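Subject: Handing over a structure

Hi,

Here is the structure I promised to pass on. Could you have a look at it when you find a moment, and then read my notes below?

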Amino acid sequence: MHPLLFKPIYRRYIWGGRRFASVLGRSLPPGEDFAESWELVDRTDDQSIVSVGPLAGTTLGQLVTDFGDALLGKHAPRKSFPLLFKFLDARHDLSVQVHPDDARAATLPNPDRGKTEAWYVIDAAPASRLYAGLLSNAELLQRALPIGNKKEIFSAAVRAGRCEEMLHSFEARTGDCIFIPAGTVHAIGSGLLVAEIQQSSDVTYRLHDWNRLGSDGRLRPLHIEAGLSAVTNTDPVDPVAASATVDPALKRLVTNDYFLFDEVCPSAYWNIGGDNAFHFLAVLAGTVTLEEHWELPALTAGACVLLPASIGRQVLHAVTTNGLAPKLLHVSLP
Ligand SMILES: [Zn+2]
């Protein structure tokens with residue numbers, strides 16, 4: 001195996017924008033609605049495809065089947081790649097949604113994984129907001145809202161079309177990371193460019209859509225009862241506090257049963273791998289060069305690479321570009 005670069009898969013929705021081009025340096029066709037760029041996905045119909053090197057043209061799913069041990073190392077075997085990584089450009093607010101956990105998702109007519117996710121804010125227009133969890137009792141009192149069984153009160157508010165008033169939110173800043181366990185109500189607000197790591201799952205319940213009309217001039221469907229029954233966390237959620245690690249370049253943002261999520265600020269050379277696990281990197285700033293013998297292009301902002309477990313310890317070279325010091329996101333399995 002070799003370090004794997006994949007072709008992005010773009011999703012165009014009314015809430016999208018142009019920042020994959022203006023911030024992440026992509027060349028995009030015309031259109032103001034580039035909403036998601038899927039960088040790493042292995043689901044039946046959605047497959048990342050290797051873009052360069054001897055494995056070019058191979059899907060991620062095929063790699064998991066043919067090279068399971070080499071790709072996943074100590075985490076093999078898996079039926080499919082367990083994580084999905086994407087960029088989201090929210091020019092407008094996304095709907096308020098909630099995802100089920102593993103236990104609930106497994107009982108659906110089309111059983112799936114649950115969806116625990118985390119976001120990293122890459123770019124934030126002034127006054128952009130993230131919505132995560134429900135107001136604390138102190139906040140509810142402050143706003144003269146009822147307190148008591150929060151899930152029951154929230155359910156009544158959602159059914160009455162007043163979902164918004166109980167959502168916890170905050171002004172998001174570049175560099176914020178937010179961890180959203182399955183069962184937490186959430187929405188990405190307008191103005192944010194976000195990187196998202198999540199369990200590879202496709203079960204989303206929309207609880208509220210800000211009363212706006214879709215591209216066809218109609219309200220998009222809501223999934224109120226299924227969504228409310230999936231709510232298992234009613235606490236407010238705020239940005240995580242990153243913690244230092246033994247690697248001075250790497251700060252741990254999130255660790256949970258499904259993924260590790262880190263911010264990496266390397267100076268010149270940085271070592272990664274050699275622990276019989278895969279490592280996924282997304283470059284946010286600077287230029288990162290892989291070891292020369294791989295003969296792969298240098299990676300600049302917006303580029304992602306999956307390092308298979310079998311290639312062992314790698315030495316990456318990172319340099320400042322356009323006045324911005326190198327910064328990457330790193331994802332692996334716990
Ligand atoms: Zn979500």
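What follows is a walk from the whole chain down to single residues.

First, two remarks on conventions. Residue numbers start from 1 along each chain, following the sequence as written. Please keep in mind that the model is predicted: local features need pLDDT of at least 70 and side-chain atom pairs count only at pLDDT 80 or more, while totals for chains, interfaces and linings use all residues.

**The whole chain**

The chain holds 7 helices and 20 strands; these are DSSP runs numbered from the N terminus, with helices being H or I of at least four residues and strands being E of at least two. Its C-alpha trace spans about 65 × 45 × 45 Å along the principal axes. The radius of gyration is 20 Å, which agrees with the value near 20 Å for a compact globule of 334 residues. That radius is taken over C-alpha atoms, and the globule rule is 2.2 Å times the number of residues to the power 0.38.

Of the 334 residues, 43% are buried. Here a residue is buried if 20 or more other C-beta atoms lie within 10 Å of its own, exposed if 12 or fewer, and partly exposed in between, with C-beta atoms placed from the backbone. Among contacts between residues at least 6 apart in sequence, 74% join residues at least 24 apart. A contact requires C-beta atoms, placed from the backbone, to lie within 7 Å.

**Two domains**

Domain 1 covers 9-52 + 80-230, and domain 2 covers 243-332; the bounds come from an automatic or database domain assignment. Their centres, taken over C-alpha atoms, are 26 Å apart. Where they meet, 18 residues of domain 1 are in contact with 18 residues of domain 2. On the domain 1 side, β2 (34-40), β3 (83-90), β5 (117-124), β8 (177-180) and β10 (192-199) each supply at least two residues. By class, that side has 13 nonpolar, 3 polar and 2 charged residues. Ala, Val, Leu, Ile, Met, Phe, Trp, Tyr, Cys and Pro count as nonpolar, Asp, Glu, Lys and Arg as charged, and the others, Gly among them, as polar.

**Sheets**

An open sheet of 6 strands runs in the order β1-β2-β3-β10-β5-β8 with antiparallel pairing, where two strands pair if DSSP finds at least two bridges between them. β1 (9-17) and β8 are the edge strands, each pairing on one side only. Neighbouring strands of this sheet are turned by 20° against each other on average, direction ignored; strand axes are lines fitted to C-alpha atoms, and angles run from 0 to 180 degrees between N-to-C directions. Within the sheet, β3 and β10 run antiparallel and are joined by 8 bridges, and F85 has I197 in β10 as its bridge partner.

Another open sheet has 3 strands in the order β15-β19-β17, again with antiparallel pairing. Its edge strands are β15 (268-272) and β17 (287-289), and its twist averages 30° from one strand to the next. β17 pairs with β19 (residues 314-319) over 3 bridges, with T287 opposite V319.

Strand β16 (residues 279-285) pairs antiparallel with β18 over 4 bridges, and F280 stands opposite L306. Both faces of β18 (residues 304-307) are covered: C304 and L306 on one side, V305 and L307 on the other, are all buried.

**Single residues**

A124 sits in strand β5 and is buried, with 20 other C-beta atoms within 10 Å. Leaving out residues up to four places away in sequence, A124 touches A172, R173, T174, G191 and L192.

K151, in helix α6 (residues 150-159), counts as partly exposed because it has 15 C-beta neighbours inside 10 Å. K151 and V231 are 80 residues apart in sequence, yet their C-alpha atoms are 7.8 Å apart.

Which backbone angles might you want to look at? Most residues other than glycine have a negative phi, and most peptide bonds are trans. A127, in the loop between β5 and β6 (129-134), has a positive phi of about 70°. N276, in the loop between β15 and β16, has a positive phi near 60°. A cis peptide bond joins A76 and P77, with omega about -5°.

Best wishes

Conventions:
Two residues are in contact if their C-beta atoms, placed from the backbone, lie within 7 Å.
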